[in-house]
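Where does a model leave space, and what lines that space? This report takes the cavity and the pockets in turn.

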Amino acid sequence: MKKVVLTTSLLAIAAAAQAQSSVTLYGRIDNGIQYMNGLPGGHQWAAESGDWGCSWFGMQGTEDIGGGTQVIFQLEGQLNTTNGQLAGALFGRHATVGVQNANYGTFKLGNLGAGELMQDSWGLDPQLMQAYAISSLVRGRNWSSATNGFEYTTPNLYGLTLKGQYNLTNNYNWNTSATAGGQGRTDGIEAVYDLGGLELRAIYDEVRGADGHFDDVYNHSRSAMAGGTFTLGPVKFYAGYQHLNAPDAVDNATLAAGNPDGIGVPTSVDHEWGGVAWQATPAVALTGAVYHANANNGNGNATLYTLAGTYNLSKRTFLYTEFGYVHNSATSNLSVADSAYGNQSNTTSTGAFANGNPGYGHSQTGVFAGIMTGF
């Protein structure tokens, strides 16, 4: 009889422990096709993974340790699902452990990865950081990542939520990378004020180069962003502004090669946008947005026009498409997508090109379509 009681008790304890803990496997796959013109070789048709959003897989879990506190973890990696390869490290997007409490907030540490604060700019983007969107005219600056990090998020304080991050370099020098060619110290702060139909968001971050300096306005710079959204029934309006600053950026032979006369490497960029999203039916959503950026030191300005739509096939699967057109001034060569800074003529003997930029002063058009499914 005692044996039966003991066994029953152990089963009850195990069941209780399982009820207080959970692990979830999740992921999504995004595959499509894209057409783009204005490239060094003319135009291009390409199979794409992640034009609407990255393909990824991961797991996350919680363990209740009492007092309203939970231990949390997340492991997440990115995939190129057109060829089945990893896009970066195995858990390059997230590898964190932390604690959360409804009264005290959430603390995480580890590889924050794609959780770097500027990636939260999707909340101000009408196109939700698709391929032609808020990162295009700042050459991917809003896709910054962060390793060796610490993050704290406050509980909701009457609609206001604050989030702060600090990321170490693991080097004897506080600001410089411990790895040649790596990223220096990264930090930032974010504030979100939710008033129901009106949401205001501000993000400031600093991403340093390997030597600890702000030496590349599109990669290693200070970024300040502010904007908001307003929802009116099925329609949501967006507006925002971003300023990039890299006072240590200097000319060098590689960046200057092929540039029009009088152009120097930019040290600041002003970026503004506006747009609207319309949930036309439960299955159909349409979005339109205009983005404009102006870079100093003679790098000119560009305007990106976008139209997009999604159609829900089910709760977890939808079709998508987006059209983008960028108009460049005479000394600008920004792409509809977030290609690297530099002249497009920097090609190899194989005919491959160094970036997807159009020629200086030339426009570029892109369109893609695909399917996204999650699990």
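This is a predicted model: local features need pLDDT of at least 70, side-chain atom pairs count only at pLDDT 80 or more; totals for chains, interfaces and linings use all residues.

Residues are numbered from 1 along each chain as its sequence is written, and side-chain values use heavy atoms, without hydrogens and water.

The structure holds 1 cavity of 30 Å³ or more. On a 1 Å grid over the protein atoms alone, a cavity is a set of points where a 1.4 Å probe fits but cannot get out; a pocket is an open set with protein on both sides within 12 Å along at least five of seven lines; lining residues have an atom within 4 Å of a point. Volume is the space filled by probe spheres set on the points, joined across faces, edges and corners.

| Space | Volume | Lining |
|---|---|---|
| Largest cavity | about 80 Å³ | 17 residues |
| Largest pocket | about 840 Å³ | 43 residues |
| Second largest pocket | about 670 Å³ | 28 residues |

Tyr218, Ala295, Asn299, Ser332 and Leu334 lie nearest the centre of the largest cavity. Strand E15 (284-295) gives the most to its lining, with 3 residues. Strands (E, at least two residues) are DSSP runs, numbered from the N terminus.

In the largest pocket, Gly50, Gln78, Gly140, Trp143 and Asp338 lie nearest the centre. Strands E1 (21-39), E2 (42-49) and E4 (69-80) each give two or more residues to its lining.

For the second largest pocket, the residues nearest the centre are Arg93, Ala114, Gln119, Asp120 and Trp122. Strand E9 (160-167) supplies the largest share of that lining, 3 residues.

Key. Helices (H or I, at least four residues) and strands (E, at least two) are DSSP runs, numbered from the N terminus.
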